[in-house]
Every structure is written in C-alpha cells, then in structure tokens.
Amino acid sequence: MPGRQLKKWTAAGVSLERIGALLHGEPPPVPPRPRSLGSVTVCSHLAVTDGIEVVIDPARVGLTPEQVRAFVKGAMAAFAAVSAPPPGAAPQTERQP
C-alpha cells in the first residue's frame, strides 16, 4: 500500500519532504473545497508594476486584513529590491509604450 500512495503523491507533485512527513504519520492536508458554480469571492489585486499583478483571496488563504497589508508591503519591498539599479549604475530612462 505505501508504494501506491507514494506513486499517487509524486504524480500529484507533492514534495519529497512532504511525502516523508506523510509516511511518518503526519496527517494529510485537507484539500480545499472546490468553488461551486455561482459562488462569489472578493479578491484583492495588487498592481506591483506594469506587467506584475498579484491576486489575493484572503478567505481561501486564511489571512487577516493585517496579514494582507504586511504581505503587500513585503511584495512591494521585494520588487523594489530586485528592480533597483546596482550601485554606481547610470539611471535608466523610462520606456515609452
């Protein structure tokens, strides 16, 4: 039976670390309920920059409003850190569409 479960979990894309935990008796996660037809959800759309948008469904992920605000601040700070020019680099001009 464990071999069949192992194949099922690897086929589903479960990480080897998680499979090890499951084999050692950790309970499997409860899969999220599929959304029913006609259901309405309220999501937040974070526009990081042109071409990058993050959609957050706080109810599905279980975040409080404070946690969503902290996530938004962190995402914006991460983008600023990776998009900042290296020290000593010439400033870039904005691209025109």
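Mentor: Accessible areas come from the Shrake-Rupley method with a 1.4 Å probe, and for residues only the protein chains shown count as cover. This is a predicted model, in which local features need pLDDT of at least 70 and side-chain atom pairs count only at pLDDT 80 or more, while totals for chains, interfaces and linings use all residues. Residues are numbered from 1 along each chain as its sequence is written, and side-chain values use heavy atoms, with hydrogens and water left out.

Trainee: What share of the accessible surface of the protein chain belongs to carbon and sulfur atoms?

Mentor: The accessible surface of the protein chain comes to about 8600 Å². Of this area, the share that belongs to carbon and sulfur atoms is 61%.

Trainee: In what sense do strands E1 and E2 pair?

Mentor: Strands (E, at least two residues) and helices (H or I, at least four) are DSSP runs numbered from the N terminus, and two strands pair if DSSP finds at least two bridges between them. E1 (residues 44-49) and E2 (residues 52-56) form a hairpin with 2 residues between them, and Ala-47 stands opposite Glu-53 in E2. Over 5 bridges, the sense of their pairing is antiparallel.

Trainee: Which residue meets Glu-66 in a salt bridge?

Mentor: A salt bridge is a side-chain nitrogen of Lys or Arg within 4 Å of a carboxyl oxygen of Asp or Glu, and the structure holds 1. Because the two partners are 3 residues apart in helix H4 (residues 65-83), they are separated by about one helical turn. At 3.6 Å, N to O, the partner of Glu-66 is Arg-69.
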